Amino acid sequence: MSQADDVPLEVVRTDDDGASHSLVYDFGNDVTIEAVKVAWANPDVLYVSVNPDFYAAKKLYRSTDAGKSWTDITPANATIGNNTAMPFEITLDGTDPNTL
């Protein structure tokens, strides 16, 4: 991840221990990424928690193609007790990339 004031927030990838990076996905500059997790069981599966504003509803996204595209998997308000301003902590199952 990289972020600075008025600079788009990007997820980048390195395959050479950080000597170079390639852009995977650009989230734009309207959000802050709270957490990124890569599934150990399948590194093409990624989860990202984003925060558009401190008091705004947080979002949870999932990618199954190593970050090229994302699906909003934010739980329904009733599921999280209508606490939409709560940041999402992401914990993954070590053997099942579909279990948070």
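# Pocket, ring pair and cores

Guide: The largest pocket has a lining of 10 residues, and those nearest its centre are Val11, Val12, Arg13, Val38 and Leu46. This is a predicted model, in which local features need pLDDT of at least 70 and side-chain atom pairs count only at pLDDT 80 or more, while totals for chains, interfaces and linings use all residues. Residues are numbered from 1 along each chain as its sequence is written, and side-chain values use heavy atoms, with hydrogens and water left out.

Visitor: What makes a set of points a pocket, and how much space lies in the largest pocket?

Guide: On a 1 Å grid over the protein atoms alone, a pocket is an open set of points where a 1.4 Å probe fits, with protein on both sides within 12 Å along at least five of seven lines, and a lining residue has an atom within 4 Å of a point. The largest pocket holds about 220 Å³, a volume being the space filled by probe spheres set on the points, which are joined across faces, edges and corners.

Visitor: Why is the pair of Tyr25 and Trp70 given its particular geometric name?

Guide: A pair of aromatic rings is described by the distance of the centres and the angle of the planes. Rings pair if their centres lie within 6.5 Å, with planes under 30 degrees apart counted as stacked, over 60 as edge-to-face and the rest as tilted. The centres of Tyr25 and Trp70 are 6.0 Å apart and their planes stand at 65 degrees, so the pair is edge-to-face. A search of the whole structure finds 1 aromatic pair, and this pair links distant parts of the chain, with Tyr25 in S2 (residues 22-28) and Trp70, 45 residues away, in the loop between S5 (59-63) and S6 (71-72).

Visitor: How do you know whether Tyr25 and Trp70 are buried or exposed?

Guide: Buried means under 20% relative accessible area and exposed over 50%, with partly exposed in between (1.4 Å probe, protein chains only). Trp70 has 15% and is therefore buried, whereas Tyr25, at 28%, counts as partly exposed.

Visitor: What makes a set of residues a nonpolar core, and which residues form the largest one?

Guide: A core is a set of buried Ala, Val, Leu, Ile, Met, Phe, Trp, Tyr and Cys residues joined through side-chain atoms within 4.5 Å. The largest has 10 residues, including Leu9, Val11, Leu46 and Trp70. S4 gives the most to this core, with 3 residues. Beyond neighbours within four places in sequence, Leu46 is in contact (heavy atoms within 4.5 Å) with residues including Val38, Tyr61 and Trp70.

Visitor: Why is His21 called exposed, and which residues does His21 touch?

Guide: His21 has 52% relative accessibility, and therefore counts as exposed. His21 lies in the loop between S1 and S2 and touches Val12, Arg13 and Thr14, not counting residues up to four places away in sequence.

Terms used. Helix = DSSP H or I, 4+ residues; strand = E, 2+ residues; numbered from the N terminus.
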